[in-house]
Amino acid sequence: NGNRIPRLAGKEVYIGHWFMTINVAEKRVAAAQMYMPQIPPDIQRAILVRSGASYLFYGAAEAKMGSVDPGLPLRKIFEKGEVAVYAVDGDRLFNP
């Protein structure tokens, strides 16, 4: 999905094509941790802060890793079928 989002939505992504993403291995681990239920919310929050992300995409590939923690500072802004897009709530991110 990181390869399609820039083309379709005109937005930058945290992980795009592997050879065009700096520190791709580290970013893949961090991105996967966003969906793993065993990762504490404070670690997931720190990942959101470090990434500078404004949105979080959740689709079939992400569902295989886990789910989106409802306690994170995210607001669902789009849902269709198995795809959802969440906006990062900056106020809640920095003032839990």
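Predicted model: local features only at pLDDT ≥ 70, side-chain atom pairs only at ≥ 80, totals over all residues.
Student: Why is the pair glutamate 79 and lysine 76 called a salt bridge?

Tutor: The closest N and O atoms of glutamate 79 and lysine 76 are 3.4 Å apart. The cut-off is within 4 Å, for a Lys or Arg nitrogen and an Asp or Glu carboxyl oxygen. So the pair counts as a salt bridge. The structure holds one salt bridge. In general, side chains of opposite charge can pair when their charged atoms come close.

Student: What makes glutamate 79 exposed?

Tutor: Its relative accessibility is 53%. Exposed means over 50%, so glutamate 79 takes that label.

Student: And why is lysine 76 called partly exposed?

Tutor: Lysine 76 has 41% relative accessibility. Buried is under 20% and exposed is over 50%. The value for lysine 76 lies in between, so the residue is partly exposed.

Student: Where does lysine 76 find its bridge partner?

Tutor: In E3, where the partner is tyrosine 86. Strand E2 (residues 74-80) and E3 pair in the antiparallel sense over six bridges.

Student: How do you know that E2 and E3 count as paired?

Tutor: Pairing needs at least two bridges. E2 and E3 have six bridges, so they pair. They also form a hairpin, with two residues between them. Glycine 81, in the turn, has a positive phi of about 60°.

Student: Which strand does E1 join, and by how many bridges?

Tutor: Four bridges join E1 to E3, and the two strands run antiparallel. Since pairing asks for at least two bridges, E1 and E3 are therefore paired. Within E3, valine 85 stands opposite phenylalanine 57.

Student: What makes the side chains of E1 alternate?

Tutor: Look at the two faces. Leu56 and Tyr58 point to one face and are buried.

Student: Which residues have the most contacts inside the largest nonpolar core?

Tutor: Val68, Leu74 and Tyr86 do, in a core of 14 residues. Helix H3 (41-51), strand E1 (55-58) and strand E3 (83-88) each give two or more residues to this core. E3 supplies the largest share, three residues.

Student: What does leucine 74 touch?

Tutor: Beyond its sequence neighbours up to four places away, leucine 74 touches Leu48, Leu56, Val68, Tyr86, Ala87, Val88 and Arg92.

Student: How do you know that glutamine 44 is buried?

Tutor: Glutamine 44 lies in helix H3. Its relative accessible area is 2%. That is under 20%, so glutamine 44 is buried. Among the residues it touches are Gln33, Met34 and Tyr35.

Student: Why is methionine 34 called buried?

Tutor: Methionine 34 is at 4% relative accessibility, under the 20% cut-off, so the label is buried. This residue lies in the loop between H2 and H3. Its contacts include Gln44, Ile47 and Leu48.

Student: What do the buried residues of H2 pack against?

Tutor: They pack against H3 and helix H4 (60-65). Val24, Ala30 and Ala32 are buried in H2.

Student: What makes the nonpolar surface patch?

Tutor: Trp18, Phe19 and Met20 make it, with an area of about 430 Å². A patch residue needs over 30% relative accessible area. Tryptophan 18 is at 54%, so it clears that cut-off, and it counts as exposed. Tryptophan 18 lies in the loop between helix H1 (5-9) and helix H2 (24-33).

Student: What is noted about the phi of asparagine 23?

Tutor: Asparagine 23 has a positive phi of about 55°, although it is not a glycine. Most residues other than glycine have a negative phi. Asparagine 23 is found in the loop between H1 and H2. Its relative accessible area is 45%, between the 20% and 50% cut-offs, so asparagine 23 is partly exposed.

Conventions: Residues numbered from 1 in each chain as written. Heavy atoms only, no water. Salt bridge = Lys/Arg side-chain N within 4 Å of Asp/Glu carboxyl O. Buried < 20%, exposed > 50% of the residue type's maximum accessible area, 1.4 Å probe, protein only. Core = buried A, V, L, I, M, F, W, Y, C linked by side-chain atoms within 4.5 Å. Contact = heavy atoms within 4.5 Å. Patch = residues over 30% accessible without salt bridge, like charges linked within 9 Å, V, L, I, M, F, W, Y side chains within 5 Å. Areas by Shrake-Rupley, 256 points an atom, 1.4 Å probe, with all protein chains shown as cover.
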